[in-house]
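Take a first look at the fold below.

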Amino acid sequence: MADNIARVFAAAIAADPARPLLTWYDDATGERTELSGATLANWVAKTANLLVDELARSPGDPAGVLLPPHWQTAAVLLGCWSAGLTVRDEPGAVDVLFAAADRVAEVDAWPAGDRYALALAPFAAPLREVPAGFADYVVEVRTQGDHFTPSTQGGPADADLLAEADARATALGISPGARLLVDAAVHPDPRDWLLAPLLRRATIVLTGNADRSRLATRADTERTTQTLT
């Protein structure tokens, strides 16, 4: 059983880093963003460098991630896991917090030394106004290094997360190498929309605010082989 999320991610993109790995649609805004494995790996490395080099975070340090399914959420989560951090599911004190702009009001339940807000805007646009007490993730992460070498041991929660994701991949019937169309509202847990596909070396077409009348056409356009809706 895999016990290191960074290695699972690396293995998922190793055969063809230029292949589209994660394609994001937002039917509310009309956005479509496609990331190859190499492009997502660059965002992941920058996030991990932000955590380790800028913030001096160490394996096992707790992080809070108040973000919906989104391609930037994938970068944040994989960056945290590459740095060996433990991403907490329940409110509580954390060393670093990443929050969508519309969730910064929840900050009192997540005391954190460092806080980053995300606009989750098309083209990775920065926030128009940065909330008090937060830095803009997009602005800060762009200045970080493009390469990061994860710990060979992984984070303390990696093995459990991957075991749970593997069970979900089996329950959802994700085939090795599949191209998945995923309704983010139906599968908001990153074990479903991110880790389970990576374990099966599948590629992901993730749709937020899904217009269900468009899903059949999207499946044809994106040549998906399985649908999780």
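Is R223 buried or exposed? R223 is exposed, because its relative accessible area is 71%. Here buried means under 20% relative accessible area, exposed means over 50%, and partly exposed lies in between, with a 1.4 Å probe and protein chains only.

A word on the model. It is predicted, so local features need pLDDT of at least 70 and side-chain atom pairs count only at pLDDT 80 or more, while totals for chains, interfaces and linings use all residues. Residues are numbered from 1 along each chain as its sequence is written, and side-chain values use heavy atoms, with hydrogens and water left out.

Back to R223. It sits in the loop between α7 (215-221) and β10 (226-228). Its phi is positive, about 55 degrees, although R223 is not a glycine. Most residues other than glycine have a negative phi. L120 also has a positive phi of about 55 degrees, and L120 is not a glycine either. L120 lies in the loop between β6 (112-118) and β7 (135-136). L120 counts as buried, because its relative accessibility is 16%.

Now the whole chain. The protein chain has seven helices and 10 strands. Helices (H or I, at least four residues) and strands (E, at least two) are DSSP runs, numbered from the N terminus. The radius of gyration is 17 Å, close to the 17 Å that the globule rule gives for 229 residues, so the chain is as compact as a globular protein of that length. That radius is taken over C-alpha atoms, and the rule is 2.2 Å times the number of residues to the power 0.38. Along its principal axes, the C-alpha trace spans about 45 × 40 × 30 Å.

Of the 229 residues, 53% count as buried. Contact means heavy atoms within 4.5 Å. Among contacts with a separation of 6 or more, 69% come from residues 24 or more positions apart.

Next, helix α1 (residues 5-14). Which of its residues are buried? They are I5, A6, V8, F9, A12 and I13. Seen down the axis of α1, these buried residues fall within an arc of 160 degrees, so they line one face of the helix. The arc is that of the directions from the helix axis to the C-beta atoms. An α-helix has 3.6 residues a turn, so residues three or four places apart point the same way. The buried residues of α1 pack against β1 (20-26), α2 (37-54), α3 (71-82), α5 (158-172) and α6.

L67 lies in the loop between β3 (62-66) and α3. L67 counts as buried, because its relative accessibility is 12%. Beyond four places in sequence, L67 touches residues including F98, A99, L118 and L120. L67 and A99 are 32 residues apart in sequence and 5.7 Å apart in space, C-alpha to C-alpha.

H187 is in the loop between β8 (179-183) and α6. With a relative accessible area of 8%, H187 is buried. Leaving aside neighbours within four places in sequence, its contacts include P69, R168, W193 and T229.

A202 is in the loop between α6 (190-199) and β9 (203-208). A202 is buried, with a relative accessible area of 0%. Not counting residues up to four places away in sequence, A202 touches L21, I174, G177, A178, L180 and P197.
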